[in-house]
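Here's a quick tour of one model, taking in a loop residue and then the ligand site. Have the structure open as you read.

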Amino acid sequence: MAKHPRPLRVNILTIFPELLETSFSYSILKRARTKGLFEPHLVNIRDFSRDRRRTVDDKPYGGGSGMVMKIEPVARALASVRRKGGTGKVFLLAPSGRVFNQELAQALAREDRFTLICGRYEGVDQRVEDKLCAGAISIGDYVLTGGEPAAAVVVDAVVRLLPGVLGAEDSATMDSFSDGLLDYPHYTRPPRYKTWRVPELLLSGDHGRLKNWRREKQLARTWRYRPDLLKNACLSPDDLGQLEKIKGWSSRKSRKDGRMQS
Ligand code: 9D3
């Protein structure tokens, strides 16, 4: 851990700051704040509306259903952040953005600050993304009611990567995921719950067989749930042999279960 870790400052523009406050107040994120490693700064976009009703949305040009978030309150909220030390890179959270992943989380963890804008309604005036942002970020192919849960996801993934946030144990664990495969299954006591047993091999203390078993489970899970990951995974000749066996098992199983033609 660095001697003088500088906190990561994350500014979040939203019309529901309370919704995000709680997501930074538990567990590892709470500890990161206490340790001075993470400083969230929530900005209520509505505070930057100038009419009596604190309006932040309006009807879309060209018609259509739903409302669009206006640019002025967002631009003024950003300007206020700029006056108080700067925004860093600014991202709009939107379903049409670049899909968030671990690589982007790592890049953001290297910044000293960044700013997220949470959209609401059917969308945000496009000039916000085009003129005020470095880009737009989506967290995946499903429809949320707004950008706030997405901001909570981005912040969670980034903050746990900051030096000093996780213990040395966890950091070592992270290395074992860098091969691009899914994790192996985990078990703890008791060895038998009702009739459900922990795999015998895990109780045996045979480290050689344990290592092979875990690797095989990683490969089998990845093949089953995320075959797309195998294209970029770091695989040894042994892994490739193992994988061919797994594929054989799963195609025979599929025929047996009637999920395949032949
Ligand atoms: C049919 C048009 N809809 C786009 C899929 C409109 C729309 C739905 C939901 C526009 C905005 C939203 C609110 N979603 C977000 O603000 C959002 C989001 C998401 O819905 N999915 C994944 N990532 C994100 S980041 C922000």
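Is Ala233 buried or exposed?

## Ala233 in its loop

Ala233 is buried, its relative accessible area being 16%; buried means under 20%, exposed over 50% and partly exposed in between, with a 1.4 Å probe and protein chains only. You'll find Ala233 in the loop between helix 9 (207-225) and helix 10 (237-257). Helices here are DSSP runs of H or I with at least four residues, strands are E runs of at least two, and both are numbered from the N terminus.

Setting aside neighbours within four places in sequence, Ala233 is in contact (heavy atoms within 4.5 Å) with Asp179, Gly180 and Leu181. Gly180 sits 53 residues away along the chain, yet its C-alpha atom is 4.8 Å from that of Ala233.

## About the model

The model is predicted, so local features need pLDDT of at least 70 and side-chain atom pairs count only at pLDDT 80 or more, while totals for chains, interfaces and linings use all residues. Numbering starts from 1 along each chain as its sequence is written, and side-chain values use heavy atoms, leaving out hydrogens and water.

## Around the ligand

Now for the ligand. Among the 17 residues around it, Glu122, Ile139, Gly140, Tyr142 and Leu144 come nearest. Strand 5 (89-99) and strand 8 (135-138) are the elements giving two or more residues to the shell, and strand 5 gives the most, with three.

A ligand nitrogen atom lies 3.0 Å from a polar backbone atom of Ile139, and a ligand oxygen atom is 3.3 Å from a polar backbone atom of Gly147.

Key: Near = heavy atom within 4 Å. Polar contact = N/O pair within 3.5 Å; in protein donor to acceptor, adjacent residues only side chain to side chain.
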